[in-house]
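Colleague: I'd like to learn how to read the helix and sheet packing in this model. Could you walk me through it?

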Amino acid sequence: MSHAKVPNVLQTTEGPVTAERYRLLVESVTDYAIYMLDPQGTVISWNPGARRFKGYEDHEIIGQSFSRFYTEEDRAAGLPERALSQAAEMGRFESEGWRVRKDGTRFWANAVIDPILNPASGRVLGYAKVTRDLTERRQADEALRRSEEKFRLLVQGVTDYAIYMLDADGIVTNWNVGAERIKGYAPEEIIGRHFSLFYTPEDRESGEPQKALQAAIENGSLEKEGWRVRKNGEIFWASIVIDPILGDAGEIIGFAKVTRDLTERQKVQAELDAAREALFQAQKIEALGQLTGGVAHDFNNLLTAVLGSLELVRRQIGDERQLNLIDNAIKGASRGISLTQRMLSFARKQDLALQPVAVDVLVAEMGDLLQRSLGPLIRIATDFPADLAMAAADPNQLETAVLNLAVNARDAMPDGGTLRIRAGNEAVGRGHRTGLPAGDYIRLSVADTGSGMDAKTLAQATEPFFTTKGIGKGTGLGLSMVHGMAEQLGGRLQLDSRLGQGTTVEIWLPAATAAIAAEPAPRPVEPRTEADMAPRPLTVLAVDDDALVLMNTTALLEDLGHRVIEASSGQEALAALEGGETIDLLITDHAMPQMTGAQLIAEVGERWPALPVILATGYADLPAGARPGVLRLNKPFWQADLEKAVCAAMARRATAAAA
């Protein structure tokens with residue numbers, strides 16, 4: 001224990017320091033209040049430093065108790081007396097606290113009190129007291145403390161960001177409310193654990209956490225996005241920023257880490273990307289549909305001319321060998337008709353006979369056909385609920401679609417397997433995976449256990465003429481036809497396939513409504529009888545911009561005994577009608593330049609309303625502006641189809657005249 005003593009002489013390198021020189025030394029200090037107290041605490045000396053920041057002159061304070069420097073609260077608590085007592089007992093007293101200047105203002109002081117002892121007896125002769133004004137330092141410390149508190153409150157108040165610190169080794173040292181909300185850990189659960197806990201197992205194995213800290217050190221900061229793991233094991237897409245924290249000597253003492261949950265943004269972006277991709281696919285399919293529909297239309301015109309000419313030539317040939325050649329050509333043209341029907345189905349321009357269809361009954365009736373088509377190595381399994389609703393569909397086209405899917409499945413299972421055909425009632429709401437409008441649907445699925453498709457093949461599967469089969473083994477129109485039929489019916493085609501795991505094709509069809517159920521089913525075409533024949537030869541105005549088709553139509557009509565006036569455009573047809581010659585029937589194509597068939601029919605309806613009209617077209621939908629109830633003749637047509645259409649048109653006129 002050291003005790004202050006009043007020296008008579010101080011020894012320095014320059015020789016002894018006398019008491020006078022010691023007094024001069026104390027008197028020259030202005031940053032410290034240095035003064036002496038007697039044993040009772042009365043001030044007995046006073047230096048310039050004491051005068052400067054306590055405000056008292058020598059004569060004002062010497063002889064006064066030092067307790068007047070304390071606040072009233074401290075004096076009431078006996079702090080001055082305890083300070084002297086402790087200095088005497090312990091050999092030293094040091095503290096910080098508020099002190100009072102002469103003018104009553106307070107300042108924060110560091111006070112040291114040392115007892116002055118009698119060397120011989122050890123009795124306390126007085127006290128040496130040194131006081132330093134620390135107000136500015138305290139204000140700076142308080143400002144720093146307030147700033148740190150505000151920052152702490154700010155960080156703790158942030159809930160949208162996980163803000164926390166790591167030590168130099170990556171151990172979590174603090175944790176804010178946002179981190180708890182985003183990552184799921186309470187502070188006591190995560191502080192003291194390594195931050196790699198937030199990474200996926202794959203990232204941990206590849207050393208991603210350590211790489212992140214090293215990158216932050218080398219670059220001064222790290223910012224990136226990636227998958228992170230919550231306490232419950234759920235992964236989320238995060239934006240992370242790591243900044244190194246440096247010590248006074250420039251050493252790494254830790255890291256500041258900020259994490260933001262971007263899962264919702266990632267989800268929205270993924271949905272936007274999916275929507276863009278869907279729009280791109282829809283536009284591509286639409287463009288292909290328009291191209292395919294145009295090709296099929298032109299092909300229909302060619303087939304119309306080919307079939308008509310073959311029919312007429314066949315009647316004039318008696319040689320058996322030549323007849324066989326003609327029949328072979330007709331079969332080839334018939335296969336061409338089937339091809340155009342598939343193309344038009346993809347383009348959603350095929351004529352569909354919409355009616356309620358019991359899907360389970362339709363598939364059951366196809367059982368023998370399907371088994372013969374698939375062969376003995378493939379087992380067929382079906383599953384239909386008892387309460388399966390009726391679908392709004394064309395039964396013939398739906399049967400063809402199921403057969404197409406079955407044949408595709410067979411080709412994917414060369415070593416055999418199972419074909420499962422199922423159906424179920426589905427209520428579709430907003431945002432459904434199919435993208436269908438809300439409503440009731442029938443989901444018909446055809447699944448195989450075959451080779452499946454990779455992602456690239458799956459993306460192209462419904463494109464027309466795309467096939468994975470060998471040359472000559474497929475047209476590439478099977479799935480395209482099914483896709484077009486489903487879309488035209490107001491449904492959807494969905495494909496799910498993985499390489500080596502088989503393929504599932506779903507046809508979503510609208511459930512039959514009461515209105516559709518009330519419509520009578522189309523009557524089958526009856527064989528031609530004498531009563532069906534036109535009662536007399538007619539004068540027919542035939543209109544088509546395609547010379548081959550026009551010549552064929554004329555030849556077929558003339559062979560039936562009618563007189564034909566030809567026109568290659570709508571304007572020529574109107575001129576013929578205006579010529580004053582009696583015309584009994586108008587047969588017109590639709591797709592013609594300048595004036596379409598629909599426009600011609602509308603003009604004729606205005607000026608010659610009693611004239612029967614037949615619209616010959618290969619498209620399913622009535623053209624815009626077409627007269628309601630107009631009689632249609634689907635291209636390509638046989639002579640029997642043409643004859644039946646003529647009879648029907650004349651019968652309509654007779655009925656209208658009788659009314």
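Modeller: Among contacts in the protein with a separation of 6 or more, 58% come from residues 24 or more positions apart. The model is predicted, so local features need pLDDT of at least 70 and side-chain atom pairs count only at pLDDT 80 or more, while totals for chains, interfaces and linings use all residues. Residues are numbered from 1 along each chain as its sequence is written, and side-chain values use heavy atoms, with hydrogens and water left out.

Colleague: How many helices and strands are there in the protein?

Modeller: There are 22 helices and 22 strands. Both are DSSP runs numbered from the N terminus: helices are H or I with at least four residues, strands are E with at least two. Of the 659 residues, 40% count as buried, that is, under 20% relative accessible area with a 1.4 Å probe and protein chains only (exposed is over 50%, partly exposed in between).

Colleague: What describes two packed helices?

Modeller: The angle between their axes and the distance between the axes. Here, take α14 (residues 367-374) and α15 (residues 395-412): their axes come within 9 Å and cross at roughly 25 degrees. That makes α14 roughly parallel to α15. The labels go like this: under 35 degrees is roughly parallel, over 145 roughly antiparallel, 65 to 115 roughly perpendicular, and the rest oblique. Axes are lines fitted to C-alpha atoms, for helices over the stretch in contact, and angles run from 0 to 180 degrees between N-to-C directions.

Colleague: Which residues of α14 and α15 make the contact?

Modeller: On α14 they are Leu369, Leu370, Ser373 and Leu374; on α15, Glu399, Val402, Leu403, Ala406 and Arg410. By class, that contact has 6 nonpolar, 1 polar and 2 charged residues. Nonpolar covers Ala, Val, Leu, Ile, Met, Phe, Trp, Tyr, Cys and Pro; charged covers Asp, Glu, Lys and Arg; the others, Gly among them, are polar.

Colleague: Now sheets. How do strands of a sheet pair?

Modeller: Through backbone hydrogen bonds, either parallel or antiparallel. Two strands pair if DSSP finds at least two bridges between them.

Colleague: Is Thr418 buried or exposed?

Modeller: Thr418 counts as buried because its relative accessibility is 14%. Thr418 belongs to β14 (residues 417-428). Leaving out residues up to four places away in sequence, Thr418 touches Arg379, Ala381, Met413, Ala447, Asp448 and Thr449.

Colleague: What order do the strands take in the open sheet of 4?

Modeller: That order is β7-β10-β9-β8, with antiparallel pairing. The edge strands, β7 (161-167) and β8 (222-229), each pair on one side only. Inside, 9 bridges join β9 (residues 235-246) to β10 (residues 252-261), and Val241 stands opposite Val258 in β10. Helix α10 (residues 208-219) lies across β7, β8, β9 and β10, at about 45 degrees to β9.

Terms used: Contact = heavy atoms within 4.5 Å.
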